[in-house]
Amino acid sequence: MKFSFDDIRPFRTKGLIRLIIMSYVTLGFVWVVVSHSLPGLFSDDPQKYSRLILLFDVSLIILSASVLAVFGSRFLATLSSQQDEFYRMIRNVGSARGQEFFPALVYSLAETTNADYAFVAKFTDESQQRVKTVAVFSHGQLVENLEFDLEGTPCGVVVREGSGCYPDKIRKLFPLDPLTHRLEVDNYVGIALNDFSGRCHGVMAVAGKGALGNQRLAESLLELFAVRASAALEGMASREAVDYMSMYDSLTGLPNRRMFAEQLAPILIYARQKSEIRAVLFLDLDRFKNINDSLGHAAGDQLLKAVADRLTRCLRHGDLVARLGGDEFMILLQGLTQKQDAAKIASKVLDSLKTPFKILGHELHIALSIGIAISPEHGDDVDTLLKNADTAMNRAKEVGRNTYQFFAAEMSTISITRLGLENDLRKALVRNELILHFQPQYAMEGDRITGVEALIRWQHPERGFILPGDFIPMAEETGQIVPIGKWVIKEACEQSRRWCGAGLAPIQMAVNLSAKQFLQQDLPDVVAGILKETGMDPAYLELEITETILMQNLETTIDQLVRLMALGVKISIDDFGTGYSSLNYLKRFPLHALKIDRSFVKDIGEDSDDTSIVSAIISLAHNLSLEVVAEGVETPAQLEFLRSQQCDRFQGFLMSTPVPADSVQKMLGRNLLAADMR
Ligand code: C2E
Ligand code: MG
Ligand code: MG
């Protein structure tokens with residue numbers, strides 16, 4: 001079926017052509033009668049008679065020519081007005097853009113084909129069993145869209161066969177189609193709308209009561225507009241996809257922040273009227289960055305998807321889970337009768353992550369910190385609730401992670417306090433408020449100090465003694481860690497020299513490096529400068545970096561490590577076991593020691609998994625010719641176990657907490673004494 005302009009001509013011009021032929025026949029008949037009988041009435045004279053005949057002939061020719069001219073011009077005028085009308089229709093449809101297109105199309109189709117109904121419909125899902133109209137024109141007006149199953153309908157045939165035409169009695173052919181019966185449709189012409197790959201994605205049709213007026217016209221018009229309608233359907237699908245993307249998170253398929261906020265707003269208004277409790281839970285994965293840094297983003301993404309899945313499954317149907325971005329999620333709980341209900345659900349959410357995740361061949365443990373804000377108690381608008389839930393989540397992180405916290409007004413003050421601290425920290429270095437404490441490290445026999453770890457403290461003039469956990473993350477965020485870190489290395493080296501100056505044997509001096517500090521291009525030069533300036537023997541300086549730093553950017557890391565090792569200093573891996581670093585990688589780095597994270601040491605004897613991890617780390621490290629240092633040894637039992645596993649060194653409260661330099665000096669003095677006595 002191909003469209004041609006001829007298809008539209010017979011439509012309204014048939015009557016006119018009939019009229020012209022009838023007129024011509026009538027005129028010819030009148031001419032025959034008149035030219036043979038009338039001249040005889042006026043004259044018997046043969047000469048006059050023949051002149052009269054001539055006169056009649058001439059006048060009849062003039063008359064018939066005039067009549068033909070009138071009808072001919074009317075015919076041409078009608079034809080051209082029809083063509084104009086047709087072009088206008090094409091223009092109207094063609095110029096309609098965006099949302100106007102389908103209404104303009106169905107309107108024009110119905111008007112031009114004189115149909116009672118015209119519609120365009122698209123599939124509701126991949127199964128292609130059901131369609132939903134995108135525009136319907138019915139009896140002179142646009143009406144509401146409708147959805148229907150294709151089974152047993154003329155549209156179903158169109159989808160299967162590409163087109164379908166039923167000029168009349170359609171209800172008999174499709175007895176099970178409720179729609180044709182309800183609308184009392186008799187005729188139907190439809191065409192499948194295919195996308196550029198030829199896949200059907202909708203139907204366009206006209207239908208009406210009684211017999212179809214002009215089948216060819218209807219078929220041709222549908223054919224004419226099918227390509228444009230298909231393109232518009234595709235455009236509509238991609239616009240819907242964009243809308244979807246602006247409302248949903250592409251990784252997890254969960255609603256995003258915008259959608260969450262849009263859904264929350266009316267719920268809060270409703271809750272205000274009904275005085276019901278709603279809770280917003282702000283979730284942040286604990287140490288997710290470690291996984292991303294050590295196993296890569298693909299693993300991180302998989303984990304986020306798996307977490308999204310667990311969250312969705314552990315909540316009720318009416319609760320809304322959204323991903324805000326990164327490792328942050330949000331949950332809206334409705335229909336709570338009391339505040340404690342939110343706490344119960346938060347515990348359930350925490351429990352849901354307890355079973356380890358299996359991601360790309362790794363078994364990953366991940367926990368969450370949750371902040372809870374209740375509406376209306378902690379705010380009755382979206383922004384306040386989200387902000388307060390976020391503040392409460394930060395508090396949950398501060399109190400040790402893997403837990404939840406309700407928002408409390410004082411928490412806002414904590415943030416303000418933090419702001420104050422930030423300013424103070426800028427001045428702390430010049431005001432000499434930073435000091436180093438040293439935690440001794442022991443050989444396994446238990447009484448010989450082999451080295452110390454330098455740990456920073458801040459003696460704040462008003463707030464007193466502040467531990468590194470409360471200001472190092474802030475210093476890392478603001479970049480102040482770079483000058484502070486440099487000061488630590490220098491101070492540690494100077495202290496080491498002072499002990500030597502006091503006649504003590506040199507011992508290992510371990511100094512922690514933060515990620516930002518490690519990534520400074522000039523770090524090896526800075527260390528070299530300090531070593532030179534202080535006269536410290538590089539062999540006694542041990543720089544501790546975390547696994548996460550190690551895995552960040554392998555090329556740069558190796559380069560930086562080699563430059564540091566070239567100075568003669570040692571490098572050890574701190575908090576080993578928390579960063580998911582691939583053990584294979586360890587071989588590639590020029591390392592001196594591994595420090596087993598204290599979270600594993602703590603569980604020795606209590607948690608069989610952790611106990612076997614400790615044994616595994618020790619034997620792995622020894623296979624790689626690395627020394628093993630156990631951190632956080634608090635009990636004789638832990639020490640005994642570590643000794644049995646041939647751990648090389650340890651540090652922990654069992655022997656000594658971090659102490660000021662002069663205390664270490666006394667301990668080292670006793671060390672010396674003990675050695676002399678031996
Ligand atoms: P870290 O390097 O793993 O240091 C060991 C931490 O464990 C120290 O906490 C120490 O006091 C604590 N610890 C040692 N033995 C035990 C024990 O038996 N039980 C328990 N519960 N804890 C024990 P501290 O001094 O609060 O330092 C915390 C973290 O702050 C350090 O962890 C390190 O990552 C960071 N840090 C400390 N000083 C510096 C520094 O100068 N620069 C940088 N970048 N980070 C530092
Ligand atoms: Mg350390
Ligand atoms: Mg550590």
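Buried means under 20% relative accessible area, exposed over 50%, and partly exposed in between, with a 1.4 Å probe and protein chains only.

## Basis of the report

This is a predicted model, in which local features need pLDDT of at least 70 and side-chain atom pairs count only at pLDDT 80 or more, while totals for chains, interfaces and linings use all residues. Residues are numbered from 1 along each chain as its sequence is written, chains are lettered from A and ligands numbered from 1 in the order in which they are written, and side-chain values use heavy atoms, with hydrogens and water left out.

## Cysteines

C647 has 4% relative accessibility and so counts as buried. C493 counts as buried too, because its relative accessibility is 0%.

The structure holds 0 disulfides, a disulfide being a pair of cysteine sulfur atoms within 2.5 Å. For C493, the nearest cysteine sulfur is that of C500, 11 Å away.

E453 lies in strand β16 (residues 449-460) and N512 in strand β18 (residues 508-512), so the pair ties together parts that are 59 residues apart in sequence. Strands (E, at least two residues) and helices (H or I, at least four) are DSSP runs, numbered from the N terminus. E453 is buried, because its relative accessibility is 3%, whereas N512, at 27%, is partly exposed.

## Helices α9 and α10

Helix α9 (residues 288-295) packs against helix α10 (residues 297-314) at an angle of about 140°, with the axes 6 Å apart. Axes are lines fitted to C-alpha atoms, for helices over the stretch in contact, and angles run from 0 to 180 degrees between N-to-C directions. The two helices are therefore oblique to each other; angles under 35 degrees count as roughly parallel, over 145 as roughly antiparallel, 65 to 115 as roughly perpendicular and the rest as oblique.

Contact (heavy atoms within 4.5 Å) involves F288, I291, N292 and L295 of α9, and H297, A299, G300, L303 and L304 of α10.

## Q495

Q495 is in helix α15 (residues 481-501) and is buried, with a relative accessible area of 7%. Leaving aside neighbours within four places in sequence, Q495 is in contact with F438 and A661.
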